[in-house]
Amino acid sequence: VAVLQQLTPAAIAQLAQAFARLAVRDARLLEGLKPTILKQLPRFLPQSIALVANAYARLAFLDKSFLHAIAEVAAKDLGRETAQLAGTCATSGKKLASDLRLEGRYDHVSVTQLLNVHARVRLFHANFFRCALDWLTPPRLATCSPQSLANALNALAKFPQLSKTQAQRSELKAVFAGFIPEVQRQIHDFTVQNLVNVLHAFSNVRARAPEMFTNVTHELVVRSASWNTQDMANLSSSLARAEHYDVEAFAKIAYVAAGMCNKFRPCELVSLLNALAHFVRQRKGASLTNLSASPVCAMTLMQTFQAVANHMQSTSLARFTLSEIAMGLNACTKVIPENNSLMDRLIAELDARCESTLVTLMDASLILGALARLSKLPSVNLR
């Protein structure tokens with residue numbers, strides 16, 4: 001303990017980062033470091049604060065009070081710095097905002113890493129997010145790496161607290177709009193996962209960016225050889241949510257997914273089914289026969305949907321949550337309602353689960369919608 005108390009903030013940050021990289025979860029040391037960190041927090045540089053928060057989050061030792069203390073200091077410093085730079089820009093005739101973007105203590109790595117930490121542990125600190133939104137101006141976004149851009153968007157999209165009112169939603173969409181030029185400019189430098197995360201974030205906050213969606217989707221199709229199951233599930237659901245029904249993208253998703261059905265996790269499998277069903281339904285009708293694309297594309301989509309559904313039918317439903325089963329049933333009734341054995345199995349499972357599991361309004365809506373398409377009345381348990 002005496003040694004720990006003598007460590008400088010930079011040394012503490014390096015030690016925490018080393019533990020995180022090695023996945024060393026020494027509770028006595030990590031908990032023992034916290035009082036020293038809290039005592040010295042005002043002396044930490046932004047980069048060191050971000051490293052400590054990220055390390056504790058990765059090691060699952062970032063409790064609410066500890067993150068709150070870190071966020072309080074970060075928000076205070078970040079808010080003061082943003083205000084000072086804005087004041088300098090307003091009063092100085094010699095410097096433009098673009099000249100000031102690198103002069104603060106905070107850089108894109110520290111800000112977006114702290115945002116990402118909050119998203120990782122699902123804790124919302126209103127003051128810090130307020131200061132971060134003020135910091136994320138176009139000149140500063142121009143300094144961001146692809147990783148930082150993706151991290152920031154992902155974090156901002158995760159918290160509904162940022163879009164409770166119409167004014168908040170408008171502000172958030174305006175901030176997202178500032179990211180578009182940088183995503184477009186650096187599009188070839190993003191990883192596949194980061195590009196998918198960008199689309200996922202934009203679709204979650206309902207921020208319209210059709211040109212960016214087209215360009216990012218095309219870039220992802222070019223790199224489809226490196227897709228994994230999570231990429232396909234998130235990409236397809238993002239495109240469906242944004243109603244960006246790119247035929248080339250969905251055809252490629254269907255083609256790649258067809259050979260990987262057994263590798264999908266339950267949540268990914270259901271997300272893919274739901275997205276494919278939305279794509280099918282919007283193409284001028286309720287079936288693939290009306291798909292305004294090539295016959296090969298229509299056939300590929302139908303075969304993939306059937307393969308994914310068959311895999312769900314052959315998999316133990318114990319692996320699926322009630323919500324996932326409800327969504328899977330809803331998707332299947334839109335495309336292959338004639339598959340009676342699958343429908344009956346899913347309905348029976350839902351019926352059994354409803355005896356002991358709370359059904360949300362969203363799940364109830366999905367189940368009732370599916371039953372209506374099948375012209376079935378809900379059972380006593382479902383009712």
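Modeller: An angle between two helices runs from 0 to 180 degrees between their N-to-C directions, the axes being lines fitted to C-alpha atoms over the stretch in contact. Please keep in mind that this is a predicted model.

Biologist: What makes helix 10 roughly antiparallel to helix 11?

Modeller: The axes of helix 10, residues 146-157, and helix 11, residues 166-185, come within 11 Å and cross at roughly 160°. Angles over 145 degrees count as roughly antiparallel, and therefore helix 10 is called roughly antiparallel to helix 11. The crossing of these two helices is left-handed.

Biologist: Which residues of helix 10 and helix 11 make the contact?

Modeller: From helix 10 they are L149, A152, L153, L156 and A157, while helix 11 brings L172, V175, F176, F179, E182 and V183. When the residues of this contact are sorted, 10 are nonpolar, none is polar and 1 is charged.

Biologist: Why is T217 called buried?

Modeller: T217, which is placed in helix 13, residues 210-222, has a relative accessibility of 1%. Buried means under 20%, so T217 counts as buried. Leaving aside neighbours within four places in sequence, T217 is in contact with L199, L239, H244, D246 and A249.

Biologist: How do you know that Q113 counts as buried?

Modeller: The reasoning rests on the cut-off again, with buried meaning under 20%, and because Q113 has 17% relative accessibility, Q113 counts as buried. Q113 lies in helix 7, residues 108-121, and touches A50, L51, N54 and H108, if residues up to four places away in sequence are not counted.

Biologist: Why is V359 called partly exposed?

Modeller: Partly exposed covers what falls between buried, under 20%, and exposed, over 50%; V359 has 29% relative accessibility, so V359 counts as partly exposed. Its place is in the loop between helix 19, residues 340-353, and helix 20, residues 361-373. Apart from neighbours within four places in sequence, V359 is in contact with L322, C354 and A364.

How values were computed:
Residues numbered from 1 in each chain as written. Predicted model: local features only at pLDDT ≥ 70, side-chain atom pairs only at ≥ 80, totals over all residues. Heavy atoms only, no water. Helix = DSSP H or I, 4+ residues; strand = E, 2+ residues; numbered from the N terminus. Parallel < 35°, antiparallel > 145°, perpendicular 65-115°, else oblique. Left-handed = near helix turned anticlockwise from the far one by under 90°. Contact = heavy atoms within 4.5 Å. Nonpolar A, V, L, I, M, F, W, Y, C, P; charged D, E, K, R; others polar. Buried < 20%, exposed > 50% of the residue type's maximum accessible area, 1.4 Å probe, protein only.
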